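Student: I would like to go through this model with you. Could we take it piece by piece?
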Amino acid sequence: MDAAPQDGSPPFEDRTDFENADRGFVAALVPGVVTAEDGRVVWDGDAYGFLDGDCPDTAHPGLWRQSRLCARQGLYEVTEGVYQVRGLGLSHMTVVEGHDGIVVVDPLVSAECAAAALALYRRHRGERPVTGLIYTHSHVDHFGGARGVLPGDAESGVPVLAPVGFLEHAVSENVFAGPAIARRAGFMHGTRLPKAPDGQIGTGLGPALSSGTVTLLPPTVDITHSGQTETLDGVRILFQLTPGTEAPAEMNFLLTGRRALCLAENVTHTLHNILTLRGAPVRDARVWSRHLDEAIDFFAEAYDVAFASHHWPTWGHENVVRLLTEQRDLYAYLHDQTLRLLNNGLTGPEIAEELRLPPALEGAWHTRGYYGSLSHNAKGVYQRYLGWYDGNPAHLWEHPPVPLAQRYVEVAGGPEATLEAARRYAAEGDLRFAATLLNHLVFAAPDHEAAKEALADVYRRLGHGAENGPWRNIYLTAAQELLGQADGPAVATDASGMTSALTVGMLLDSLAVRIDGPRAAREPRLIIDLVVIDEQRRHRINLEHGALTHRSLPLHRTPRPHAGLTLTLTRPELLGLLMGKGLAGIETEGDRGLLKRLFSYVTRPDGEFPVVTP
């Protein structure tokens, strides 16, 4: 029942990872619970205490082992002057001690957890101010806690470093497609599942996402090229840009005086994702491999330890080179063999069935599919090159799920015959085809309770056998939703703190993707100009043919035709306007009714759309 079957598992007697995960331990947060100002629990690391026990029959032994390693919590010393706080969410926060204060790297996913991590550090290392902030890449678990380490009264003059393109990609993933990604992330991370041996035991990358307040401070310094060096609070840092790897904007860096190499999320102790199951642009496994190869030579003999924003460090120069080499070859093999099979005519699902790692890679713990899997990664590589269409015209214009399911059930002899056949396949151990049949039955007859119960049972069995953390969480969450047992929001983070960092163009883009096009298409052309005082720019909004477009112009330029409404305002006032605070204090010229008409076409995304039912 292994969701990503691999032969040649590494020996469980090898305790190196456990020794490294415990090395440098200073102190834990006790209790391991973080609360918001209103008393709401946003993180409970103590809930994973059950992982101290033996692996039950409801979990894959490899994933159980990985989850035990990821659940370790507390302050750890990586090397002199470099510390990490681990186990307060999905990712780690790194603290680098400088001359006058500390440089914080990747401040977790929420402000509350970041503040707790900083407090734990200060409790044992002293009240040092934050003198620099670094984002290694554009994923929310690496910047969301920014305001937890740099609240408004402390951020002035503190440099914030990030790879070029960071803000654009952070916004496109977390704002433009945010509602759909958040819904799917709830399945992938198992946020509604109980923390239990038969429930959520981790994700393979870390325990889970914390809830709480997601914030974002915009970068003040862009890292634009490999070889760029910056000095923060006396700490000299050498950067390597790695765009198109684990994130579209990402970078590794070397703390030259500490001989410590930060590998961001490019190298972790698992096979990562080429196409994450929550949804994201497909990553380039070829480029990923090449950047790892470049790193081996680029940083040469200048490091004795490598750390990342997930998992545990690797000590010893030769050990780090071996890790980089094996991870390099992991992504190269995945890419090249998928292309070889693709060019022989195999489709994504066929490649996923055939592809296996060579023994030397398959036998390393850090290449196992705890977070990404060979199966869905091979399909991701296929998608990057050939897209969703596999070349078979039967798949070019298929019916959508409900009418397709109805026809399958009809061909199978009706609902009861379909249910009987699915139960037979499940009893014989063919859970994959049983899931296919039962899924068709649920979509054809959504009120068929026995079908939903049978499908939930199949999903539970698939989840409990999965080595891959997201696969386990997706299967178990699907079972939960089929039985109507999912309570509370799937993702309890509050992302409103991100909007203050958005540019005017990004704010207008986020408005454009919420326009109800069919209704707005009946609207005669609507033009509104925004004169943004603090930018000294004019932004023209044009709603025509159901599409909202906008462009930025010099302040003195008034294009034709004249706008029906002109608003003169600051960027914070624009943000308030888009959040529904009205026109109070904003200078207007023209027909104010145009704004009401524009907003009448703005929709609110459905954050709870059905996934496992029609």
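Student: Is Arg259 buried, exposed or partly exposed?

Tutor: Arg259 is partly exposed, with a relative accessible area of 31%. Buried means under 20% relative accessible area, exposed over 50%, and partly exposed in between (1.4 Å probe, protein chains only). Please note that this is a predicted model, in which local features need pLDDT of at least 70 and side-chain atom pairs count only at pLDDT 80 or more, while totals for chains, interfaces and linings use all residues. Residues are numbered from 1 along each chain as its sequence is written, and side-chain values use heavy atoms, with hydrogens and water left out.

Student: Where is Arg259, and what is its phi?

Tutor: Arg259 is in the loop between β14 and β15 (260–262). Its phi is near 55°, a positive value in a residue other than glycine. As for the labels, helices (H or I, at least four residues) and strands (E, at least two) are DSSP runs, numbered from the N terminus.

Student: And Leu108, which loop is that in?

Tutor: Leu108 is found in the loop between β7 (102–105) and α3 (111–125). Leu108 also has a positive phi, of about 60°, although it is not a glycine. Leu108 is buried, with a relative accessible area of 1%.

Student: Back to β14 then. What is the strand order in the open sheet of 6 strands?

Tutor: The order is β12-β13-β14-β15-β16-β17, and the pairing is mixed. Two strands pair if DSSP finds at least two bridges between them. The edge strands are β12 (229–232) and β17 (314–315), each of which pairs on one side only.

Student: What packs on that sheet?

Tutor: Helix α7 (residues 285–298) does, touching β13 (235–241) and β14 (251–255). The direction of α7 makes about 145° with that of β13. Contact here means heavy atoms within 4.5 Å. Axes are lines fitted to C-alpha atoms, for helices over the stretch in contact, and angles run from 0 to 180 degrees between N-to-C directions.

Student: How many residues of β13 are buried?

Tutor: In β13, 6 of the 7 residues are buried, so the strand is largely enclosed by the rest of the structure.

Student: How many bridges join β13 to β12, and how many to β14?

Tutor: β12 and β13 pair in the antiparallel sense over 4 bridges, with Thr229 bridged to Leu238 in β13. These two strands form a hairpin with 2 residues between them, and Asp233 in the turn has a positive phi of about 50°. β13 and β14 are antiparallel as well, over 5 bridges; there Ile237 stands opposite Leu255 in β14.

Student: Changing topic: what is the order in the sheet of 5 strands?

Tutor: That open sheet runs β21-β20-β19-β22-β23, with mixed pairing. β21 (547–554) and β23 (587–590) stand at the edges with a single partner strand each, so one side of each is left without a neighbour in the sheet. Neighbouring strands are turned by 15° against each other on average, direction ignored.

Student: Which helices lie across its strands?

Tutor: Helix α17 (residues 504–512) lies across β19 (526–532), β20 and β21, running at about 170° to β21. Helix α19 (residues 571–578) lies across β19 and β22 (565–569), at about 125° to β22.

Student: One more: at what angle do α14 and α15 cross?

Tutor: The axes of α14 (residues 431–444) and α15 (residues 449–464) cross at roughly 150° and come within 9 Å. That makes α14 roughly antiparallel to α15; angles under 35 degrees count as roughly parallel, over 145 as roughly antiparallel, 65 to 115 as roughly perpendicular and the rest as oblique.

Student: Which residues of α14 make the contact?

Tutor: From α14 they are Leu431, Ala434, Ala435, Leu438, Asn439, Leu441 and Val442. Their counterparts in α15 include Leu455, Val458 and Leu462.
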